[in-house]
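This report looks at how two chains of a predicted model meet, and at one residue placed where they do.

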2 protein chains.
Amino acid sequence: MIANTYYSQEGHGPYELYDIGDLDLEEGGTIPACKLAVATHGSLNAAKDNAILVPTWYSGSSKIIEQVYIGKGRALDPDRYFIVVVNQIGGGLSTSPHNAPDGMSNFPKVRIGDDVRAQHRLLTKKFGLTSLALVVGGSMGAQQTYEWAVRYPEMVRRAAAIAGTARSTDHFRLFFESMADAITSDLAFDGGNYRQSSDVAVGLKRHAKLWAVMGWSTEFYQQGRPAALGFPTVESFVENFMGGYFAPMDPNDLLCMAWKCQHCDVSRLSRGNLAEALGRIQAKTFVMPVDEDMFFRTRDCEAEQKLIRGSEFRPLHSIDGHLALFGADAGFLAQVDEHLSELLMIRA
Amino acid sequence: MIANTYYSQEGHGPYELYDIGDLDLEEGGTIPACKLAVATHGSLNAAKDNAILVPTWYSGSSKIIEQVYIGKGRALDPDRYFIVVVNQIGGGLSTSPHNAPDGMSNFPKVRIGDDVRAQHRLLTKKFGLTSLALVVGGSMGAQQTYEWAVRYPEMVRRAAAIAGTARSTDHFRLFFESMADAITSDLAFDGGNYRQSSDVAVGLKRHAKLWAVMGWSTEFYQQGRPAALGFPTVESFVENFMGGYFAPMDPNDLLCMAWKCQHCDVSRLSRGNLAEALGRIQAKTFVMPVDEDMFFRTRDCEAEQKLIRGSEFRPLHSIDGHLALFGADAGFLAQVDEHLSELLMIRA
């Protein structure tokens, strides 16, 4: 295998790699000497009560979180908070199929719960934290946020789940199966034993096109957002923006995350009883779906919100749909900041 | 090539094959001795003013129209109307890639306008019709309905477009590109030169799964409709219902229809000016999108409706989404019948 230079300090740094030791996985198997790539912003205060955790989403790294959501005067203000962005397992910077010593196609199945236990170990053992002012994440970041709030209710004071659910729906599972099919159907994928990502270029393009169909919204295209983003045609947008974004990524890494988000389910912590699991949450929780999201629908998010004591339903508007998370819609970011600022002001 | 027995009188009849002569195509080329497969119900009255035309949708034949929409006491009542269901070119019963003498992979590109001109020739020359009481269709049937109403305004007295638009959106085009990719990416497709449909089983399954994602709605799965339809798991629903439905169909036929519906655009009749094209419609028109349709969105349909003089916006409710057309939701059929009955009562 040829090293993938996309996942590097140059493209995604600065971040630090923490070895959190061997991580036993929920589906069986162990990641030996599991490494988490972590970017921090700001400083922990003396009371150690100003830490914010931000887990990452499918295909995204700590870099986009920093660039799009963190900044002076923003809700996630490094002058006020100690912000810890932890890259998920399989995301390419932390331990992932493409950088695993055992070889990529043998990488074990990883669950959201594995990530959250790994992060918990990191935050408690390496950073000495016992309390989080906020856990906030989008998409798979929201999945991890819910898992955190259910699994460690005493530690999470506030939670904000943006564009994600606590339990994946059947429809979402199907959608991600088609995404995975798009990659694995490329003969060059070869059961995960390709030499380099570019060998699987055709499959990655198909996968990017499916993201173009479901990731944005119908209105995104109707209102000519591709042109507004600088692409003369829809085809060039799909080819260059979507295709270009995913092209350098590692197929096995994407598939590791795809399986993980397909199987997200906090009710595993309570024998399948979702109400019981969400009932454990003590965090003041904002549930923040995007109204035009084609897979994490507002009504599905609201149904979960109703199961969380004292939570609030805070829908966001953007015709960018799910991929409003990318931050190309400034109005969306303003809404996110407003809600998060309000949440952080609530005594918890 | 091995003959495909799916497209037969046994499965889809009775229908008659009409040779309408050579059909010159909008994209160039000619279909020599073009055959249209036609099923009729009821009789033409003396005044020749009770004819209803029903064009077919993607993958559907005249049989499902008969089984789901036509019957004594229904809006489309053969005791009152002479109902002509014409199978679209490429649909498998009419001239299509798989039954074309020139060989399937050389089949020319066909447009909605080609179908409508072919049907016009059939109805005027073979059936001696000069007026249609109603043209009604769902999905690609709606696309043909719009094309009819714009192209032959003096002939179409009423029009009902169910779950379809007059011009395909960019998003819709992308979605159908992914559908086509799902088939053509199967190596066994071999540029269209497979020996039989079952050779392309893997591609057809991927295509069926994508239909499962976008064809129904998120709520369809949330409310457990697969179980209500008799499938113990979502997987068995996708495999057996969706996969089983598409498995016997001819890949080149599906791709012919896919290209056609992607490129649907009545504004081609007025140099790209959609308002001008829709402004030509004289038919009393009902625009009937399905509220949970994930690709033909109600708002897109309503925007077109506003461009049609005297038309009415009649949205339908069904959590079956676009595939409510299949008729598994009796409540949906009742709504369709109610609107069509009302439309047929309007003097036009």
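## Basis of the values

This is a predicted model, in which local features need pLDDT of at least 70 and side-chain atom pairs count only at pLDDT 80 or more, while totals for chains, interfaces and linings use all residues. Residues are numbered from 1 along each chain as its sequence is written, chains are lettered from A and ligands numbered from 1 in the order in which they are written, and side-chain values use heavy atoms, with hydrogens and water left out.

## Extent of the interface

In chain A, 30 residues are in contact with 30 residues of chain B, contact meaning heavy atoms within 4.5 Å. The area buried between chain A and chain B is about 2,900 Å², and carbon and sulfur atoms give 56% of that area; buried area is the accessible area (1.4 Å probe) that two parts lose on being put together, summed over both. Of the area that chain A buries against chain B, A:His171, A:Leu174 and A:Lys209 supply 20%, more than any other three residues.

The rule finds 10 salt bridges across the interface of chain A and chain B, a salt bridge being a side-chain nitrogen of Lys or Arg within 4 Å of a carboxyl oxygen of Asp or Glu. A:Arg173 forms a salt bridge with B:Glu235, with the closest N and O atoms 2.6 Å apart.

Helices H5 (170-184), H6 (201-214), H7 (218-222), H9 (234-246) and H12 (298-305) of chain A are the elements that give two or more residues to the side of chain A that touches chain B, helices being DSSP runs (H or I, at least four residues) numbered from the N terminus. The largest share of that side, eight residues, comes from H5(A).

## Relation of the two chains

## A:Leu210

A:Leu210 lies in helix H6 of chain A and, at 6% relative accessibility, counts as buried (under 20% relative accessible area, 1.4 Å probe, protein chains only). Not counting residues up to four places away in sequence, A:Leu210 touches residues including A:Phe175, A:Met179, B:Ser178 and B:Leu210.

Key: Buried < 20%, exposed > 50% of the residue type's maximum accessible area, 1.4 Å probe, protein only.
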